[in-house]
Amino acid sequence: MLHPGKLLSKSAITEHVYDFDSDKDSNVIEVYIKRLRKKLGKDLIQTRRGQGYVFGNKK
């Protein structure tokens, strides 16, 4: 959310959130994105299929 309009890949988000010893192949990022959409609204987080997520950029 600090970089509105910037495309962030799932791997970039995962590296920022997890330490080096964690299991990075789980779907935890998708679960939290879904929870954020519920709280903030669906338009604030866009999914770019195969690329990542764009935060804070309304359609």
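**Charges and confidence**

The count comes to 1 salt bridge, defined as a side-chain nitrogen of Lys or Arg within 4 Å of a carboxyl oxygen of Asp or Glu. This is a predicted model, in which local features need pLDDT of at least 70 and side-chain atom pairs count only at pLDDT 80 or more, while totals for chains, interfaces and linings use all residues. Residues are numbered from 1 along each chain as its sequence is written, and side-chain values use heavy atoms, with hydrogens and water left out.

The salt bridge joins Lys10 and Glu30, whose closest N and O atoms are 2.9 Å apart. Lys10 belongs to helix H1 (residues 10-17) and Glu30 to helix H2 (residues 28-40), so the pair ties together parts that are 20 residues apart in sequence. Helices here are DSSP runs of H or I with at least four residues, strands are runs of E with at least two, and both are numbered from the N terminus.

Lys10 is partly exposed, at a relative accessible area of 28%. Glu30 is also partly exposed, at 32%. The classes are buried (under 20% relative accessible area), exposed (over 50%) and partly exposed in between, with a 1.4 Å probe and protein chains only.

Helix H2 also holds Lys34, which is exposed with a relative accessible area of 57%. Lys34, Arg35, Lys38 and Lys39 form a surface patch of positive charge; such patches take residues with over 30% relative accessible area and no salt bridge, like charges being joined within 9 Å.

The predictor's confidence in each residue, pLDDT, runs from 0 to 100. Its mean over the protein chain is 84, and 85% of the residues reach 70 or more.

Terms used. Patches are made of residues with over 30% relative accessible area and no salt bridge: like charges are joined within 9 Å, nonpolar side chains (Val, Leu, Ile, Met, Phe, Trp, Tyr) within 5 Å. Accessible areas come from the Shrake-Rupley method with a 1.4 Å probe; for residues, only the protein chains shown count as cover. Lys and Arg count as positive and Asp and Glu as negative; His and the chain ends are not counted. The place of a charge is taken as NZ of Lys, CZ of Arg, CG of Asp or CD of Glu.
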